[in-house]
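Please look over the model below before reading the points that follow.

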Amino acid sequence: MSQRSEVRSQKTGNKKQGLDFRLYLITDRKIVTHYPSLITAVEEALKAGVKAVQLREKDLPTRELLDMAYRMRDLTTKYNARLFINDRIDIAMCVNADGVHLGQSSIPAYAVRKAVDGSRFFIGVSTHNLEEALAAEREGADFITFGPIYPTYSKLKYGKPVGIESMKIVIENASIPIFGIGGIKPDNAKDVINAGAYGIAMISGILGENDIKKATENYLKILGETL
Ligand code: TZP
């Protein structure tokens with residue numbers, strides 16, 4: 001076992017079993033242009049081996065989001081993949097999702113932890129600095145996303161990306177799995193993993209592509225997780 005993977009397994013070894021994915025696909029239906037719908041685009045990624053999907057359609061009214069969440073639940077179950085719902089613990093419960101992914105303005109992780117049987121339900125938290133990352137861990141998150149690591153269109157308005165060096169500091173100080181996010185593409189995905197991230201999370205790197213199957217397979221290959 002390499003030194004890096006030893007560190008990784010030490011860091012995650014005492015955590016609840018089942019965080020069995022390192023490629024984390026996040027949805028944005030507006031970025032899908034080469035496929036007829038978000039559902040068909042996500043199915044293509046699932047066919048290629050994606051094992052975790054976060055439904056993140058922040059602007060959908062509750063009932064439309066619920067409908068979409070049911071469809072994503074059916075689809076992810078069909079491909080034996082995990083489903084996370086962004087922000088909405090109520091919708092996550094209704095559709096029997098595998099977890100919720102919380103933002104910095106969401107219900108905090110400790111409140112979800114208190115309310116939900118933790119043995120099967122995962123809590124992910126979006127973080128952007130060390131303080132947020134450590135708070136998420138303290139409050140009971142199972143994993144975090146950290147970023148944006150690289151410039152990415154949807155986050156340009158927040159200023160400079162956090163960069164890979166600040167991710168390394170988070171990795172040194174936190175003991176839960178960390179997914180690098182933001183501007184992850186084939187040419188930088190390996191750098192994020194080599195810096196010690198547990199996995200990579202992305203929207204456009206998969207859903208914005210005109211060949212989702214090929215793009216997904218490429219990331220899985222970079223992660224050493226070909227089907
Ligand atoms: N959080 C940090 S960066 C980001 C989110 C949701 C956007 C990721 O999108 P992309 O297209 O993978 O850069």
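**Notes on salt bridges and the ligand site**

1. Lys 47 is partly exposed, with a relative accessible area of 48%; here buried means under 20% relative accessible area, exposed over 50%, and partly exposed in between (1.4 Å probe, protein chains only).

2. This is a predicted model, in which local features need pLDDT of at least 70 and side-chain atom pairs count only at pLDDT 80 or more, while totals for chains, interfaces and linings use all residues. Residues are numbered from 1 along each chain as its sequence is written, and side-chain values use heavy atoms, with hydrogens and water left out.

3. Lys 47 forms a salt bridge with Glu 44, at 3.9 Å from N to O. A salt bridge is taken as a side-chain nitrogen of Lys or Arg within 4 Å of a carboxyl oxygen of Asp or Glu. The two residues, Lys 47 and Glu 44, are three apart in helix α2 (residues 38-47), so about one helical turn separates them. Helices (H or I, at least four residues) are DSSP runs numbered from the N terminus. The structure holds 13 salt bridges.

4. In helix α7 (residues 163-173), Glu 165 and Lys 168 are three residues apart, about one turn of the helix. Their salt bridge has its closest N and O atoms 3.3 Å apart. Glu 165 is exposed at 51% relative accessible area, whereas Lys 168 is partly exposed at 31%.

5. Helix α10 (residues 212-222) holds Lys 213 and Glu 217, four residues apart, about one turn of the helix. Their side chains form a salt bridge of 3.2 Å, N to O. Lys 213 is partly exposed at 37% relative accessible area, and Glu 217 is partly exposed at 34%. Elsewhere, salt bridges with shared partners link Asp 20, Arg 73, Arg 82 and Asp 98 into one network.

6. Which residues are around the ligand? They are Arg 56, Pro 148, Thr 152, Ser 154, Lys 155, Ile 181, Gly 182, Gly 183, Met 202, Ile 203 and Ser 204, where the criterion is a heavy atom within 4 Å of the molecule.

7. A polar side-chain atom of Thr 152 lies 2.5 Å from a ligand oxygen, and a side-chain N or O atom of Ser 204 is 2.5 Å from a ligand oxygen. Gly 183 uses a backbone N or O atom, 2.8 Å from a ligand oxygen. Taken alone, the ligand exposes 370 Å², of which the protein buries 94% (Shrake-Rupley method, 1.4 Å probe).

How values were computed. A polar contact is a pair of N or O atoms within 3.5 Å; within protein, one must be able to donate a hydrogen and the other to accept it, and residues adjacent in sequence count only if both atoms are side-chain atoms.
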